[in-house]
Amino acid sequence: MNQAAISATIWPIAFFPLLGALLAYVLGRKERDWAGIIATAASALSFLWVVKLVWALPEAHYFEDQLFQWISLADLKVDFTFRVDQLSAVMCMVVTGVGTLIHLYSTAYMHEDEGRHRFFAYLNLFMFSMLLLVLGGNLMVLFIGWEGVGLCSYLLIGFWFKNLAYAAAGRKAFVVNRIGDAGFLLGIFLLLHLVGTTDFVALQPAIMSGNVALGTDFYTLVALCLFVGACGKSAQIPLFVWLPDAMAGPTPVSALIHAATMVTAGVYMLARMGFLFVLAPAALAVVLVVAVATAFVAATTALTQYDIKKVLAYSTVSQLGFMFMAAAAGAFWVAIFHVVTHAFFKACLFLGAGSVIHGCHHEQDMRHMGGLYKKMPITCITYGVSVLAIAGIFFFSGYQSKHAILGALEHWHNPHLKEWIEYILILVKFTAFLTAFYMTRSFVMTFLGEYRGHAHPHESPWPMTVPLIVLAVLGAFGGLALSGSLGFSLEHYLAALNFGAAAEHHHESIAAALINSWTGLLGVGLAFVMYTQLKELPGMFLRLVPPLSKLLSGKYYFDELYGAIIVRPLEGLAAFLWKVVDQGMIDGMVNGTAAFVDATGELRRITQTGQLRYYALMLFGATVFFIIFYYVL
Amino acid sequence: MVPITHYLILALLMFSIGVVGVIVRRNAIVVFMCIELMLNSVNLTFVAFSKQWGNLDGQIAVFFVMVVAAAEAAIGLAIILSVFRAGQSIETSDAAELKF
């Protein structure tokens, strides 16, 4: 980051949502409908401030806002700093832009919910935390935001906490995230211990100069620790199990937190610390393996899901895998590119799913949908556009970012895994094909054919359709607009993220682009034919290989595996500590003391008869005894 | 002159009668009188030793004991009166409620 700092006022970006959260809760308690308006306005104000700053941000500069010194120990000084550089600018635009649309959508989606003041307060609190995360000038501030979004995620997944399964899903997300955070914290502490700072501007030259005593091993260790944190937040194997369960939250939450913004925090962090990761090729190889495995496992699981939100959840996990692939190849700008396009089309897909669920009166099972294109044309078209986008068909935004990811993987410089990259690429392309397949399946099952449910579906009101249209337009044209066709190139804009990786420019014709999107076309086409014309085929295919279909519909038995090796032993240990150690030993000691006193008292009571003569006898007896004892014996 | 042994044997007898009375008798006033008997047996030994050694300290001690005995008599009789008022009895075995 050889850039110059310009001081600017950044804090209002984060301050508006914080104030909004407070006001939405306090005023919303009196009048529920105000909460949505306040929260949406706060988010929109924040977006406007971001636009104002980003508009003014000159090339090769960054804005800085030093608020106060947060920690001051002997050698450790941590400032509470906000920075807006190009990377933060892109993330802020996505967070506040998509966030505002989802706030607007939520005002209609949640309009009947009794607790919507709570909902909007949490949602705005989430925006605040997320902005803290992307604006933070050092890892410590980033970490506050990191934990803040985790908290808000927990609160919003368990928003309908009266349903115990939903509350448990929130808890699961929280606990799994803590595992990742432990790794992240270790990474931060290692950096603090050996480099002495976590400030990005100071860290980058310190790391890149190579003056750190331990060299490559140290970089690898720190990179892996940070990646563990990213795994938790961004739902990668082995810590991805919480994200499908997180669909228990209201659908706008799934769109904002569990698709567009929070789950991409891991990718953002990797991009932010990219200068460290490029020095640790072994760590990047690990990232690639994890990312490819996650993308593949999640994509295959999505094939057999019937809950529309579960399909989208697994698809999100899979797409996050794609982002990490790009990061693993050192092409951090590509990862961010996919973060942005994914935010557009996946938010649109989730909001579309929410619109369908809203229209079908809380029906989530795709087997009870179908034929909705007549009833919900706007939702259908926007969903369809987003499916084409995520499938990576040329022109739509997913194509540009996915193509860039494949391009980055083809130029794999890393000495590790070099001989395997060919096969990995085949697997990645197959996963891209699967993505197109299962997304088209969900589209066909939901919108085409005959309606199979019993509700009376209706199109959603304007606050829900407007965000859908805006996001669909962004999902359609966003990729093209960001890839330089309209004079703005994200690659050029994020040049600071390019750490010596060879930049390649290739202009392709439309025909070549269409050929390049063959995986997507194939997936869309095949799924379309299979689910509209040859409806028996998918069932036959699954019956043909029963173990495979069982494995897939069982979601690879990850939950069962973790249950067997982690959760149940822990529960057993907890039961042991409770029943044996706490109730047996600790309570036993306390109660035993009391029982001892009680028993000896009982014994002593025999002598207390209340008879004066008896006491007198004992008195004289004792006197005589002692006299004899001392003087005679 | 009567040898001191005689005084001491008399005091021992009085003391023993007192002890046995306190232990055996139930009437609170009799118990009280037995305590007086014990005090006076001690007084007797004080006076006897005082005469034996030609020393007045013992006789002074007797005065103290008599003063204490007088005070004790006042308080003791008041207690016995209260016990009687409460339970219509001065049997010590009847005043056995103050126990756990």
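How many residues of chain B are in contact with how many residues of chain A? In this predicted model, 10 residues of chain B are in contact with 10 residues of chain A. Select the side of chain B that touches chain A and colour it by class: six residues are nonpolar, two are polar and two are charged.

Proceed next to the sheet in chain A. Its three strands form an open sheet in the order 1-2-3, and the pairing is mixed. Strand 1 (4–7) and strand 3 (77–84) of chain A stand at the edges; each has a single partner strand, so one side of each is left without a neighbour in the sheet. From one strand to the next, the twist averages 50°.

Now display strand 1 of chain A together with strand 2 (residues 61–72) of chain A. These two strands pair in the parallel sense, over four bridges. To locate the pairing, select A:A4, which stands opposite A:H61 in strand 2 of chain A.

Centre the view on A:L131. Residues up to four places away in sequence are not counted here; beyond them, A:L131 touches A:I13, A:A14, A:P17, A:C92 and A:V95.

Definitions and conventions: Residues are numbered from 1 along each chain as its sequence is written. Chains are lettered from A and ligands numbered from 1 in the order in which they are written. This is a predicted model: local features need pLDDT of at least 70, side-chain atom pairs count only at pLDDT 80 or more; totals for chains, interfaces and linings use all residues. Two strands pair if DSSP finds at least two bridges between them. Axes are lines fitted to C-alpha atoms, for helices over the stretch in contact, and angles run from 0 to 180 degrees between N-to-C directions. Two residues are in contact if their C-beta atoms, placed from the backbone, lie within 7 Å. Ala, Val, Leu, Ile, Met, Phe, Trp, Tyr, Cys and Pro count as nonpolar, Asp, Glu, Lys and Arg as charged, and the others, Gly among them, as polar.
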